[in-house]
Amino acid sequence: MSTAIVGMACRFAGAAGLAAFWDLLLRAGDGGTDLDEPATPDPRYVPRGYFLENPTGFDAEYFGMTPEEAAALDPAHRLLLECVDEALGDACHQAPGSRPTVGLFAASAPSTFRERPVDADPTLTARFGEFALRAMNDPAALTAGAAYRLGFTGPCVTVSTACSSGLTAVQLAGLALERGECDIAIAATVDLVDPRPSGYARTADDGLLSSTGRPRSFDAAADGTVFASGAGAVVLRRLPDALADGDHVYATIRGAAMNNDGAARLNFTTPNWDRQEEVVRLALDRADVGPGTVGFVECHAPGTPVGDMVEFHALASVFREVPAGSTCVVGCVKPNIGHAGVAAGMAGLIKAALAVRHGVIPPTAGFRTPSPDLPFDATPFFVNTRPVPWPAGDGPRRAGVSAFGIGGSNAHVVLEQAPPPDDGAEGPSVPCLLPVSGRTEAAALTARDRLESALLAGAEAVTDVAFSLQVGRVHHRWRTALVHNGEGGAWSAVTEAGRSPRIAFVFPGDSGAYPGMGRELYETWPGYRVHADARAHATEPLAAGYALAGLLVSWGIEPSVVAGIGTGRLAAEAVAERLTAAEVVDAGAPLAGRADLLLILGPGGIPGPSAVPAVTAMAEGGESAALLGAVARAWTLGAEPDWRRLWPDRRPRRVPLPHYPYQRVRC
């Protein structure tokens, strides 16, 4: 069974997020930094490296942690927690109440955090105790801590196969999905070399570390690698489930394999040509495809003379059977972001998935002259130095991804272009309600601005954006909303939501009735139609008010008070009969103290000023917009509609949206 990649997130040198990463790749950018340090007499010292932006910044409040708890947690654990959450947001499966069982398979490099004097800080030690400090930062607690913070109840397993950990985690996650142990599986990796930027010293002229501070995969000038910090996560689902649920699919995992070099090698750190060839062949066999159908291979290629040579020859052996004249691009992400260690395989996977999705193969940064030790002319391989368009051709786009861990843990994954989504049955064109929120007012405002920019870019249909925001994102207490009528609209003020606001349904009776009242709602919303048909014998305004109340209740907007003005009293009593918890009051009775919001279920309004905020849920010439505006107002005050009921006859898709604006503070 194929596995779908439905969400991704990353942080690498020179790329603080997924969009920045893709941009870095397309322009063959170098995320490395030359350090302005005092001169050193040591000729082996290289003042250059690949560093993350603000690696110790963390939004403790977002994850329900105190500043002290955040300070006591390993920065690598914090970084992974954020990356996993962002990937779920990208997949639009972030809301805990609406998602199925989630599993997590993650890896982290050995941390230096516990070697620093965190347990010597008297404040932290007094607060948590030495045992708790060490337990929460233990490598084994990596996935358990994330499960605790994010509410995962599926299998949560810490993985460790060095540089191939990302692809190992992906395969274990896929097996968990196949066995039905979870419905969403996340594979994630993090490697935080040191939060403080510093260069490195080459310990020997052995070809492991670069003398220039730049890894040059497959290049004649390659003389070693440069280790870097990085983190990445992918969200996986069974492909049939993803397609049925309208998920955005970057690529599918068609096949994968793992093995180990065993004892047949020169030493523990030297790779084995035969075993690398074997793992690629096995992955292709499991994918049931031939090497000739693979148009791009994202290689491990650390930029070391031995590592690149062994990998190239192993891959060439697999592709020897490809027909003459065929070509295949080989590339590597390490010249862009450095060798991200435990996160290296995940970086390659994310790059390849983006290439498969967009139909463009990014160039390999810094490549100029092929290494004379690599016989390119005898293979179908070439390294591109500018973006290469990658049309689907006679079949779907396919890519291979390799990762080889120090000590001989080998992994290879075959990716395939996702099948086209089913557009489903389109319903009538109606306004869309876009809810946006944040843990703080500042976060809500930033999230709103980011979404506004995305809407102006027009990359996704507004219908899909609305659905994704409604069912796929966590709704925090600071809220704002937009009813988009196809040409835009006005955002509501950012409001701090309460818990279970008291809502009053007010029926204005015959006041303000207009010809064709309720017709737009009747033709658009099945829930309205059902209740209107049940009251077909009633006068038009009463039937409209009754049906509107029934529709709102079916969406989870229930009143604690109902009131009627004039003939509206009849509708109020009819609605109250169905809602045992609702109180019926006289039209003249004061509603202040009884309700936090008045929803006026008709166009007539209420006589005189009101001490309680009021919203008209029906308006001539824009009935659906008025209805959704009323729902938006109720939501900003704290109501929680059953969002899926707003889409009875349509099948919108989950689409990637701007990620949550974490309010990071240095810990």
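Predicted model: local features only at pLDDT ≥ 70, side-chain atom pairs only at ≥ 80, totals over all residues.
Visitor: Let's start inside. Which residues touch the most other members of the largest nonpolar core?

Guide: The general idea first: in soluble globular proteins, nonpolar side chains tend to be buried together. Here, the largest nonpolar core holds 65 residues, and Phe505, Tyr528 and Leu599 touch the most other members. Helix α17 (residues 540-554) supplies the largest share of this core, nine residues.

Visitor: Take Phe505, then. What is Phe505 in contact with, leaving aside its neighbours within four places in sequence?

Guide: Its partners include Ala549, Leu552 and Val553, along with Pro559, Leu599 and Leu601. There's also a second, separate core of 53 residues, with Val159, Leu177, Tyr250 and Val356 among them.

Visitor: Now the second largest pocket. Which residues lie nearest its centre?

Guide: Look for Ala19, Asp90, Tyr250, Pro656 and Leu657, from a lining of 27 residues. The volume of this pocket is about 690 Å³.

Visitor: Which element gives the most to the lining of that pocket?

Guide: That's α1, with four residues. The elements giving two or more residues also include β1 (3-12) and α3 (75-91). By class, the lining has 17 nonpolar, five polar and five charged residues.

Visitor: Last one: why is helix α14 largely enclosed by the rest of the structure?

Guide: Count its buried residues, meaning those under 20% relative accessible area. In α14 (residues 462-472), nine of the 11 residues are buried, so the helix is largely enclosed. Phe467 and Leu469 are among them, and the buried residues pack against β19 (432-438) and α13.

Technical notes: Residues numbered from 1 in each chain as written. Heavy atoms only, no water. Core = buried A, V, L, I, M, F, W, Y, C linked by side-chain atoms within 4.5 Å. Buried < 20%, exposed > 50% of the residue type's maximum accessible area, 1.4 Å probe, protein only. Contact = heavy atoms within 4.5 Å. 1 Å grid on protein atoms, 1.4 Å probe; cavity = no way out; pocket = protein on both sides within 12 Å on 5 of 7 lines; lining within 4 Å. Points joined across faces, edges and corners; volume = space filled by probe spheres on them. Nonpolar A, V, L, I, M, F, W, Y, C, P; charged D, E, K, R; others polar.
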